[in-house]
Amino acid sequence: MARSALKEREDYVLEGHHPTLPGVFAGERFRTRIYYLVTGIGQYPGRCPVGHYGFVGGSGPPVGGQRPAPGTTGQLAGASIELVSVVWQSGPADAGGSTDPAGVSLSVPPGQSIALLSQPRETVIGLLDVIAGLSRPLSGQVRVDGLAVDRLGGQELDRYRARRGLVSARFPLLRSLSVTDNVLAALLVGRVDEPARERAALLLELTGAARLAGPVDRLPAEDQWRIMIARALVSSPRLVLAEDPTENLDPRAAGRVLDVLMDVHATFGFTLVLAVGRFVAAVRCQRQVSLVNGAVAEDEMANGDDAWTRGRIDRIG
C-alpha cells in the first residue's frame, strides 16, 4: 500500500530539515518541535506538492497580479485584515491559549505595519498562525482583503498561503539548497523562471545577503534571517507575517534584522504583522497592539518622532 503524502513529508522533515538556527524556543524545544511537526507538517516549505508556501501547480499568480519587474521598487498595495472576536489555541493543549471569550477584534488597513505584543510570545504567535492560515481559530472570523481565511480549505487554502509571506525560524532554511534556491523555494512549482531568479537576486541585495555563500546552516543566525526575509518576499506578497528575531539573536543583530524588515516594508508597501514579546521590537512598527489573556489591552499608533523612525526615514530617503 502506498505511503501517504503526509507521511512522506513528515519523514522529509525529520530526516533532513531540522531548524538551522540555534536556540529556537530552546526552553521547550522538545514539546514545541513535536507540536509543530504534528500540526504544521502539511505547511512545511519542503519539496512536496503542497507545502507551507502553497506548492500547488496552476494555483494562479500572487495577489496583486504578476511580479513586478526586477530592479523596480514600485509600491504594492498592502492587504487589509479584519479580525472579529477571534479566539485561538496558542500552543499545545496544556500551554493555554486565548482565554477571553470575547476574543480579539482588530481592523488593519492596507500597508500598515502592526506589532502584536504579548507575554509569553507563543500566545501571539498562535494568533499569527491563524492569520497565516496555518491553524484555524476556535471561534471568530479572520478576513484578509475580504477573504474568509478561517473557512478556507484544500487548494483555496494553499493559494492563500502562496500569496502571503512568512518570516519564521520555525520554518528554517533548507540545508540541501543554496542561498538563492532557498529564496526560490517559496515560489509555486513551475514559476522559477529567469525573472524569478532576477527578483531573488534583487531581494538578496536589498536584505544584505547577496554575497553569502556556503551551506546555509553554517551561516550566522543574522544572515539566515536576512535570507528568510528575502524568501518571504519573492512572490511579491501583499501581506507579510513575521516573528520577532530577538529570541535567537543578540540585541544588535536583532536590531539590524528588524531594520531590514522595516526597510523592505517601506520600499514595497505590503501590510506587515510582527509578533513580538518585547516592546523594544514593537516600537519599530507604526502601530502597537498589546494582548493580555487573549484580548486587546492597548492599541496605540506610533508618533513617528522617535530617533529610530527618523533614522529609518533618512536611510530610505
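Before I go on, the conventions. What we have here is a predicted model, in which local features need pLDDT of at least 70 and side-chain atom pairs count only at pLDDT 80 or more, while totals for chains, interfaces and linings use all residues. Residues are numbered from 1 along each chain as its sequence is written, and side-chain values use heavy atoms, with hydrogens and water left out.

Let me start with the chain as a whole, which has ten helices and ten strands; these are DSSP runs numbered from the N terminus, H or I of at least four residues for helices and E of at least two for strands. Of its 317 residues, 55% are buried, and the accessible surface comes to about 13,700 Å², with 54% of that belonging to carbon and sulfur atoms; areas come from the Shrake-Rupley method with a 1.4 Å probe, and for residues only the protein chains shown count as cover. If we take contacts, meaning heavy atoms within 4.5 Å, between residues at least 6 apart in sequence, then 74% of them join residues at least 24 apart.

Now to the sheet that holds E7. Six strands form an open sheet in the order E6-E7-E8-E3-E9-E10, with mixed pairing, and two strands are said to pair if DSSP finds at least two bridges between them. The edges are E6 and E10 (295–301), each of which pairs on one side only. On average, and ignoring direction, neighbouring strands here are turned by 15° against each other; axes are lines fitted to C-alpha atoms, for helices over the stretch in contact, and angles run from 0 to 180 degrees between N-to-C directions.

Within E7 itself, Leu239, Leu241 and Glu243 point one way, Val240 and Ala242 point the other way, and all are buried. E6 and E7 run parallel and are joined by four bridges, with glycine 165 having valine 240 as its bridge partner in E7. Between E7 and E8 (residues 271–276), also parallel, there are five bridges, and the partner of leucine 239 in E8 is threonine 271. The chain crosses from E7 to E8 through helix H8 (residues 251–268) in a right-handed β-α-β crossover, right-handed meaning that, with the strands pointing away from the viewer, the path from the first strand over the helix to the second runs clockwise. H8 lies across E3, E7 and E8, at about 160° to E8.

What about the interior? The largest nonpolar core has 46 residues, and those with the most contacts inside it are Val167, Ile227, Ile229, Leu233 and Leu274; such a core is a set of buried Ala, Val, Leu, Ile, Met, Phe, Trp, Tyr and Cys residues joined through side-chain atoms within 4.5 Å. Its largest share, nine residues, comes from H8. A second, separate core of 32 residues includes Trp88, Ile114, Leu134 and Leu241.

Leucine 233 deserves a moment. Its place is in helix H7 (residues 221–233), and leucine 233 is buried, with a relative accessible area of 3%. Leaving aside neighbours within four places in sequence, leucine 233 contacts Arg199, Leu203, Val240, Val264, Phe268 and Phe270.

E1 (residues 81–87) and E2 pair over four bridges, with isoleucine 81 opposite valine 108. In helix H4 (residues 154–162), Leu157, Asp158, Tyr160, Arg161 and Ala162 are buried, and the buried residues of H4 pack against H3, E4, E5, E6 (164–167) and E7 (239–243), which brings us back to the strand in my opening question.

Key
Buried < 20%, exposed > 50% of the residue type's maximum accessible area, 1.4 Å probe, protein only.
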